[in-house]
Amino acid sequence: MKVFHLHSTHSASRRTHDLRHSAAKRMLADPHLTLADVQWVLGHAHITTTELYTAPTVAEVVPQVLAHHARQASQAVLPRTPAPGYRPEVLQTLFGAAPLGGDPA
């Protein structure tokens, strides 16, 4: 079974094309379907064409990156003393943390 364009107008054709992309992304998210299954449904001659749908979207990546940064921030441990050559007061000004080498305020 292939998904064909149903209308000849540009806007209707674009909506149908978007629907095809959405369907492909959803099928690939299903753990019970393989990439080859989705390739067959879409009628792609080459698996590499179907692989294009495996690339994450901005809407998928941004929340994951924000969650990563939140986890990192909650686990951040500041060194107790600065590395040689760095003044604690300068580091505190730059990073806004408790003074290095002392207890948090």
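The protein chain has an average pLDDT of 82, and 79% of its residues score at least 70; pLDDT is the predictor's confidence in each residue, from 0 to 100. This is a predicted model, in which local features need pLDDT of at least 70 and side-chain atom pairs count only at pLDDT 80 or more, while totals for chains, interfaces and linings use all residues. Residues are numbered from 1 along each chain as its sequence is written, and side-chain values use heavy atoms, with hydrogens and water left out. Where pLDDT is low, the predicted coordinates should not be read in detail.

The secondary structure consists of five helices and zero strands. Here helices (H or I, at least four residues) and strands (E, at least two) are DSSP runs, numbered from the N terminus. Read along the sequence, the pattern is α-α-α-α-α.

Next comes the surface. The accessible surface of the protein chain is about 8400 Å², and 63% of that belongs to carbon and sulfur atoms; accessible areas come from the Shrake-Rupley method with a 1.4 Å probe, and for residues only the protein chains shown count as cover. Of the 105 residues in the chain, 12% are buried. A residue is called buried under 20% relative accessible area, exposed over 50%, and partly exposed in between (1.4 Å probe, protein chains only).

In soluble globular proteins, nonpolar side chains tend to be buried together. The largest nonpolar core in this model has five residues: Ala24, Met27, Val38, Leu42 and Tyr53. A nonpolar core is a set of buried Ala, Val, Leu, Ile, Met, Phe, Trp, Tyr and Cys residues joined through side-chain atoms within 4.5 Å. Helix 1 (10–29) and helix 2 (35–42) are the elements that give two or more residues to this core. Valine 38 touches Ala24, Met27, Leu28, Leu33 and Thr50, leaving out residues up to four places away in sequence. Contact means heavy atoms within 4.5 Å. Over the whole chain, residues 24 or more positions apart account for 28% of the contacts with a separation of 6 or more.

Histidine 44 sits in the loop between helix 2 and helix 3 (47–51). Is this histidine buried or exposed? Histidine 44 counts as buried because its relative accessibility is 15%. Its contacts, apart from neighbours within four places in sequence, are Arg20, Gln39, Thr49, Thr50 and Tyr53. With threonine 50, histidine 44 makes a side-chain polar contact of 2.7 Å. A polar contact is a pair of N or O atoms within 3.5 Å; within protein, one must be able to donate a hydrogen and the other to accept it, and residues adjacent in sequence count only if both atoms are side-chain atoms.

Two further residues place a polar side-chain atom by the backbone. Aspartate 37 belongs to helix 2 and is partly exposed, at 32% relative accessible area. A polar atom of its side chain lies 2.9 Å from the backbone nitrogen of threonine 34. Serine 74 is in helix 4 and counts as exposed because its relative accessibility is 61%. A polar atom of the serine 74 side chain lies 2.9 Å from the backbone oxygen of arginine 71.

The last topic is charged pairs. A salt bridge is a side-chain nitrogen of Lys or Arg within 4 Å of a carboxyl oxygen of Asp or Glu, and by this rule the count is three. One joins aspartate 18 and arginine 14, with the closest N and O atoms 3.2 Å apart. These two residues are separated by about one helical turn because they are four residues apart in helix 1. Aspartate 18 is partly exposed at 35%, and arginine 14 is partly exposed at 46%.

Another salt bridge links glutamate 60 and lysine 25, the closest N and O atoms being 3.7 Å apart. Because glutamate 60 lies in helix 4 (residues 58–75) and lysine 25 in helix 1, the pair ties together parts that are 35 residues apart in sequence. Glutamate 60 is partly exposed at 36% relative accessibility, as is lysine 25 at 23%.

Arginine 87 and glutamate 89 also form a salt bridge through their side chains, at 2.8 Å from N to O. Arginine 87 counts as exposed at 52% relative accessibility, whereas glutamate 89 is partly exposed at 43%.
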